[in-house]
Structures are given as C-alpha cells and as structure tokens.
Amino acid sequence: MVRVFEAGGQPFAFTRRIAGRNVPRSWRNRVIQADRRDLMSDAAEAILADLNEPQRVAVTHGDGPLLVLAGPGSGKTRVITRRAAYLVAGGVRPRNILAITFTNKAADEMRRRIEQLGAAQGMWVHTFHALGARLLREFGSIADVQPGFTIYDEADQLRVVKDAMQLCDVDKNVLKPESIAAKISRAKNQLEDPDAAAANAEFFDERMIARVYDVYEQLMRRRNAVDFDDLLTRVARVLRDHPDIAEALGDRFRYVLIDEYQDTNHAQYLIASHLARRHRNICATGDPDQSIYGWRGADLNNILEFEHDYPDARVVRLEQNYRSTPAVLRAASGLIRGNLRRKHKDLWTQRDEGAPVRVWRFAEGRDEAERIAEQIVRLRDGGRSYGDVAVCYRVNAISRGLEEALRHRGVPYKIARGLEFYNRREIRDTLAYLRLLVNPDDDVALLRIINTPPRRIGKTSIERLRAAAERRRCSLLEMARRADADPRLKSAAARLRNFADLIDELAELKDLPVSDAVAGVLERTGLEAALRIEDEETHEDRLANVQELVTAARRYEEEIDDPSLADFLQRVSLTSDQDQVDQSAGVVLLMTLHAAKGLEFPVVFLCGLEQGMLPHERAIREGDIEEERRLMFVGVTRAMDELYLTYADERTLRGVRTARCRSQFIAELPDDAIEFHKFGSAIGRPSHPSAGVGRHDPDQEYNQDVDQPPAHRGRRRGPRSAFEHPDDEPVFSPDDPTIAPPIVQPASDFEDWVAGELVRHETYGVGEIQWIRPSPGRTRASIKFLGYGAKVFVLEQAPVRRLRRGE
C-alpha cells in the first residue's frame with residue numbers, strides 16, 4: 001500500500017490496487033477514509049504510548065472545557081504538547097490550535113516538543129505577551145497602535161512616568177515614580193483607563209496619579225510605544241468591545257491550551273475567555289499551590305473558580321511526581337496543607353525514599369553561608385557536579401554572604417539575575433539605535449543614544465530640544481531634523497542635524513538580515529570603536545557582549561521562519577528572568593525563589609528561612625501569608641534528591657545586626673520527613689553539629705544569653721550540668737536528704753508548650769519560644785520576635801497564643 005501526504009501531514013491517500021483505475025468515486029473515498037483512520041490511529045497510539053492513566057485521560061479528552069490540576073514534577077508540559085499533537089492526529093488543523101504559556105523559554109520548549117511529534121507547523125505557540133504583540137500587529141488600528149510600535153520595558157516605562165510627572169508638576173519626593181508606575185499597571189490590568197481612574201479617585205494623591213496616568217498615555221501614543229500591560233489590556237478591550245473580532249478569532253482558534261493558568265491576571269483571563277467562548281474547547285493546566293505572582297496581578301480565583309465558569313468542565317488531577325523523593329513530597333504536602341485557598345492533591349512517587357529533609361539552624365547568617373559552601377564542596381567531592389546544586393532565597397540581600405563563602409572555597413557559581421545581559425549598558429545602547437530605526441518616534445531610545453558615543457550635545461541642548469518638540473507636538477528625531485527652525489537650538493543645530501542624518505542613513509539597515517543590522521549599527525555609529533578605547537579592564541568584556549548580541553541575532557535568524565528586526569526587538573523586550581537561567585553552565589546557581597519556578601535540581605538549599613524573610617515581613621504585616629507558603633512550596637519541590645532548609649538566630653541585613661526567629665513554615669513540616677541539625681558559631685568555637693530526627697530541635701552546641709532563663713544569664717555557654725541550678729530555686733537531690741523534695745503543684749495551662757514552638761503576641765506578632773518554665777499561674781517564657789529580639793513574659797498575664805496551622 002502506498003500513501004501520499006500533503007505538506008501538513010494529512011493523507012489524501014490512494015492504494016496501488018486502485019491507482020489509475022476507473023473505480024467509483026464512493027469506493028475511492030471509502031478507501032481514502034479507511035487509510036486516514038489507520039494512519040491517525042497509529043499516530044495517536046505513538047503519542048499516548050508512555051503516558052500514565054491521568055495524563056492519558058487529559059490528552060484524549062474530546063471537546064469541551066478541561067481543567068488539569070498538575071502537581072509539581074507531574075509532567076504537565078508533556079500533557080499539553082501531547083494533547084496538541086493528539087488533536088492534530090485526530091484531524092484538527094494545527095492553525096486552529098493556540099497554545100499559551102508564560103515565558104519564552106517554556107514556549108520554545110513546548111514548540112520544540114510539538115515539532116518532534118510532527119504537529120507544530122502552523123500552530124500558534126506563544127506567551128500571553130507575545131500573543132498580544134502579534135494580535136496588535138494585526139488589529140493595531142482598532143487598538144490605537146500604529147505599525148512599528150516599540151515595546152517599552154520597565155526601565156523605559158519608568159522614564160515615561162517621570163516625564164509625565166514633570167509635565168504634571170508632580171514632585172517625585174511627594175509621590176515616587178515607581179509607586180505611580182505600579183498603580184498605573186494595576187489600573188490597566190483591571191481595564192481601567194485614565195478617565196475611569198479619575199472618576200474613581202477619592203483622595204488627593206489618587207487624583208494626581210490619575211492625571212499622571214492620562215499624560216503618560218498621551219506620551220506613549222506620541223512615541224508609538226506600548227508597555228507590557230498594553231500588550232494584554234488593549235487586546236482584551238478589542239475582544240470585549242468588538243464581538244465580530246472575538247468571533248473571528250474564536251473560529252480561528254477552535255482549541256485553546258493554556259499553561260500555568262494559576263498565574264493569569266484579569267486581562268489574560270478575559271483574553272482566554274473571549275477566545276474560547278465560541279467553541280468552549282479550553283484546556284487550562286496549572287496548580288493553585290504554585291501561584292506566586294499575586295504581587296504583579298495574578299488572580300488565584302481564575303483557576304479556583306474554573307468549574308464555576310465552566311460547570312461542565314472535566315477535571316483531571318496529575319498527582320504522580322517524577323521529580324522528587326517521598327521525603328521531599330511529604331515535606332511539601334505537609335507544608336501546603338496549611339493553606340485554605342487551594343484544590344487538594346495527593347502527591348506521590350515511585351522513587352526510593354531518599355534522604356530526609358535536613359533543617360539546619362545556625363547562630364549567625366555568616367555561619368549559615370560558610371556551612372552551605374562547605375557542604376557543596378563535600379557534595380562535589382562525593383561525585384556531584386556543581387551544576388547539580390541550586391541555592392535559593394526569598395530576598396536578594398542574602399546572596400552577598402553566600403558569594404563570599406563560595407569564592408573563599410573556590411566554588412564556581414552564577415547568580416541567576418535573568419535580564420542581566422540585556423540590561424548591560426553597551427547592549428541597551430545598541431538596542432536603542434535599533435529601536436529608533438524601527439520606530440523613529442521612540443523618544444526614550446533617542447535620549448539614550450543622542451550623545452552616545454559623545455557628540456558634544458550637552459544637557460542644556462537636549463532640554464531645549466525636548467521643549468521645542470513639546471511645543472510642536474512632534475518627535476525628538478523630527479525636531480532634530482528641523483533644528484534650524486528653532487532659534488533656541490541655534491548653538492547645537494548643526495550637531496543635532498548631523499545626528500538626525502546618521503539615523504536616517506542607518507534606516508536602510510532595517511531591511512538587511514538582523515545580524516547584519518546589529519553589526520552595521522555597531523560599526524557605523526562608532527559604538528564599537530568607542531568600546532575599544534575604554535578602560536582596558538572593561539573594554540574586552542563589553543566588546544564580547546556586543547558581539548554576543550550579533551550572535552544572538554544570528555541564532556534568531558536560524559530559528560525563525562520569517563525573521564525581521566522588529567520581531568527580534570520584540571522578542572528581546574519580552575525576555576523574562578526565567579528565560580535567561582542557564583542550567584547547563586556547570587556551576588552552582590544562586591537565585592530567588594521566584595526565579596526558580598519551573599526548574600529542578602538534584603540538590604537544593606533554601607536559606608534565610610526566618611520570619612520577615614519567608615514569610616516576608618510585608619505579608620506578615622498585611623495578614624496574608626498563603627502566597628508566601630506557596631512560594632516555599634515551590635522552593636521545596638525544586639529538589640530532586642536532597643533538600644536543605646536553613647535559618648539563623650542572628651543576621652546582619654543592611655548593615656544592622658538583628659535577632660531572628662525561624663520561619664513559622666518550618667514548624668509546619670511533618671516529623672517523618674525532616675531531620676534537625678544545630679550548628680555552633682564558626683567564630684571562636686567549633687562548628688560540630690548536633691542532630692535529631694523529626695521534630696526534636698537539639699540545643700547542645702551553644703546558648704545565647706537571651707536563650708537561657710534569667711537566673712542563668714552571664715553563666716558559661718553550653719549544655720547545663722545536671723547539678724547546676726538557679727540560685728533562687730531549691731533542687732532535690734537523692735544524694736542530699738537534708739533538702740526536701742519539692743511540693744507537687746497543680747498542672748499549668750502551658751505545660752505542653754515547648755521551646756521552638758511558634759506563638760503570636762498581639763503587639764509583637766509571631767515569635768519563637770526560646771525557653772519555657774511552666775508553673776501554675778506564673779509560667780515564664782522567653783520569646784524571640786522579629787525586629788524586637790527576645791522578651792520574657794508571664795504567659796498567664798500576656799496576650800500570647802499558640803500559632804495555628806495555616807496562620
């Protein structure tokens with residue numbers, strides 16, 4: 001039998017026995033259909049071959065809404081990609097499928113896997129923001145966006161906010177630009193325009209922000225620029241206000257597959273809802289327990305209420321974990337049970353038990369860093385690669401001590417700062433030239449490079465240029481071309497015209513291959529020559545960086561079917577922190593917990609697990625720590641084989657040494673998953689650990705004065721002798737019958753409270769019990785609070801209560 005295929009992979013099949021013969025059309029069609037069914041059946045079975053039962057159910061789900069609750073390490077990317085390929089194998093055209101995720105890295109991986117299954121050609125696989133940019137290019141006139149628009153990143157956006165504040169006479173000492181930018185972003189994500197923001201403003205600062213918002217939007221239109229929020233909100237408005245476009249796109253995308261649905265904000269939710277409204281074939285994959293972006297607008301209710309939005313939705317739970325050991329999963333499951341806003345899952349694995357989760361307590365933050373570095377060296381000596389290890393933290397301030405400790409031991413490491421490459425001065429300068437070629441109205445780009453390399457265009461001339469452009473309501477580049485027309489620009493007119501002429505001459509580069517355009521800008525603007533004469537210590541690195549940009553452009557040309565300079569710049573603008581994390585470098589990675597999302601490592605250290613850092617003090621202050629608990633859950637579930645959780649009793653932050661108390665999340669870990677170790681300070685005394693399995697928290701290596709009962713302050717540190725006793729208390733000893741045994745007192749209400757337990761005080765917040773001495777009516781305890789240190793209370797008279805699970 002011979003089969004012939006169209007380019008899309010669909011058979012228009014015929015067999016050798018009927019080829020060229022005069023046979024009835026109906027017979028021929030039956031043969032073709034049977035041939036197609038056989039082919040599709042074979043392809044479908046290959047797609048389903050290595051899936052577990054819940055994965056298979058999700059992949060083979062037919063029409064109608066589908067919610068896939070995918071625990072960490074459960075193969076959700078496999079489900080999405082196999083479902084897309086399965087739909088194609090079943091006869092759906094690839095162009096009728098839209099797959100959406102949140103990072104370029106995830107989208108590229110999704111596209112690669114679908115291509116390997118032979119089903120990607122013509123399929124839309126994008127991040128939400130890239131989808132928005134593509135639709136704005138198609139429907140830009142309706143969304144009030146002109147062709148060749150520039151996408152401003154956060155730094156560019158902040159520059160425009162500052163310009164708007166200046167035009168509105170808003171003092172940056174009264175309202176911070178960053179705060180205004182955040183409020184504008186929040187308004188946009190709620191689809192609230194400047195008029196609505198002004199109408200809803202109640203207080204003076206809200207009215208000022210609404211004014212700045214209005215001017216900000218005017219400046220963005222004049223510069224033909226959009227910010228990240230615009231890529232979503234403008235598309236959402238088009239779909240909301242133009243039902244014909246929503247219907248047409250609904251017909252185009254019969255199947256909508258969305259990854260990380262728990263991270264969608266209001267605008268993304270509206271886009272997904274409008275696109276899926278016609279056929280209702282929406283597949284939402286995600287995990288409420290991994291929703292960690294509420295601070296930037298993600299709405300957990302979108303996934304929690306999916307079944308309310310789609311009452312006929314099928315729900316599939318992916319609970320088998322292929323990443324972590326049972327001990328790690330028990331710790332993660334015990335932790336996340338403290339949250340109320342979630343959908344229950346029972347995570348399990350077929351892996352061997354593995355090592356218990358190690359909880360390490362240190363006297364000081366620098367001891368923590370030294371011990372982590374020391375352990376990484378031991379792991380390396382034991383056969384691990386440095387690239388197997390990640391060290392994660394909630395706040396960046398912790399990384400400095402870790403870096404010092406790693407450097408001291410010669411351990412290679414890299415901080416996963418995500419956008420570090422594209423934020424380098426020489427890279428931003430080169431990109432600014434390229435942006436100005438694509439969008440001559442981009443004033444932010446022009447201001448960055450008008451005097452780079454130096455052209456003797458001073459600050460006063462630039463301010464006069466801006467004022468002239470504002471009076472004429474034109475772009476800065478257009479004003480530079482017409483500098484002779486304004487007497488105020490007379491002294492710099494020739495230099496401004498020369499700059500404008502250079503940009504006009506460079507315009508021809510935008511039609512060349514992207515890598516040639518980048519190389520041309522570096523050469524013809526003088527950027528490369530200027531870098532060569534810089535300080536000898538830095539110029540080689542900076543030259544290597546701009547050459548790497550040329551290489552990135554060449555790599556982009558090889559990977560994209562229809563490359564263009566505008567599209568390349570868009571991809572650079574939409575690069576996220578996670579896109580730049582390179583796990584193949586063979587070095588220890590230091591990163592925030594947010595940057596670690598979606599990654600996995602054989603060995604993970606989570607450090608700085610103290611109240612005020614995780615959970616963050618802001619979350620504690622606002623009384624909502626569920627997202628902080630989810631963040632720690634994400635960190636715990638990055639670990640494949642070994643997990644270390646560390647904290648310190650004292651830490652120096654921002655130059656201030658403060659007493660700390662351990663994170664309340666440590667108390668929520670199940671006994672059967674953890675093993676406690678306590679280390680003395682490496683400064684002045686040995687650092688030998690004491691250890692215990694389960695909830696026991698050994699306290700043998702050292703005791704700070706504040707950790708001991710009042711009668712013992714000033715005594716030597718270390719374990720107390722069996723015969724030591726406070727001067728004011730009689731102690732019964734069978735070796736001395738002259739001392740009477742103590743009278744048995746009634747039980748105290750606090751008899752079952754123990755050191756290490758977390759409590760809440762009405763004034764001081766969450767604290768950790770350092771020591772406790774139960775006594776009827778007069779139980780004394782020392783409790784250490786974040787920012788307040790240790791305080792001694794009579795518990796019967798203090799507003800103190802035990803911390804309940806989930807608080």
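Q: In which helix is the place of Arg234?
A: Arg234 sits in helix α10, which covers residues 228–241. Helices are DSSP runs of H or I with at least four residues, strands are E runs with at least two, and both are numbered from the N terminus. Please keep in mind that this is a predicted model, where local features need pLDDT of at least 70 and side-chain atom pairs count only at pLDDT 80 or more, while totals for chains, interfaces and linings use all residues. Residues are numbered from 1 along each chain as its sequence is written, and side-chain values use heavy atoms, leaving out hydrogens and water.

Q: Why does Arg234 count as buried?
A: Buried means under 20% relative accessible area, exposed over 50%, and partly exposed in between (1.4 Å probe, protein chains only). Arg234 has 8% relative accessibility, so it counts as buried.

Q: What is Arg234 in contact with, leaving aside its neighbours within four places in sequence?
A: Its partners are Leu136, Ala143, Asp144, Val145, Glu217 and Val226, where a contact means heavy atoms within 4.5 Å.

Q: Which residues line the largest cavity?
A: The lining consists of Leu135, Leu136, Phe139, Arg234, Val235, Val238, Leu239, Ile245 and Leu249. On a 1 Å grid over the protein atoms alone, a cavity is a set of points where a 1.4 Å probe fits but cannot get out, and lining residues have an atom within 4 Å of a point. The largest cavity holds about 50 Å³ of space. The largest share of its lining, 4 residues, comes from α10, and α5 (128–139), α10 and α11 (243–252) each give at least two residues.

Q: What makes the phi of Asp144 worth a look, and where is Asp144 placed?
A: Asp144 has a positive phi of about 65 degrees although it is not a glycine. Most residues other than glycine have a negative phi. Asp144 belongs to the loop between α5 and β4 (150–152), and its relative accessible area of 41% makes it partly exposed.

Q: Is Glu260 buried or exposed?
A: Glu260 is buried, as its relative accessible area is 14%. Glu260 also has a positive phi, about 55 degrees, without being a glycine, and it lies in the loop between β6 (255–258) and α12 (266–276).

Q: How do you know that the span of helix α20 agrees with its 14 residues?
A: The expected span is 1.5 Å times one less than the number of residues. For α20 (residues 459–472) that gives 20 Å, and its end C-alpha atoms are 20 Å apart, so the two agree.

Q: Which residues of α20 are buried?
A: They are Ser461, Ile462, Leu465, Ala468 and Ala469. Seen down the axis of α20, these buried residues fall within an arc of 125 degrees, so they line one face of the helix. The arc is that of the directions from the helix axis to the C-beta atoms. The face turned away from the buried side carries the exposed residues Lys459 and Thr460.

Q: What do the buried residues of α20 pack against?
A: They pack against α9 (204–222), α19 (443–449), α21 (476–481) and α22 (493–506).

Q: What is the omega of the peptide bond from Thr452 to Pro453?
A: Omega is near -5 degrees, and the bond is cis. Pro453 is in the loop between α19 and α20.

How values were computed
1 Å grid on protein atoms, 1.4 Å probe; cavity = no way out; pocket = protein on both sides within 12 Å on 5 of 7 lines; lining within 4 Å. Points joined across faces, edges and corners; volume = space filled by probe spheres on them.
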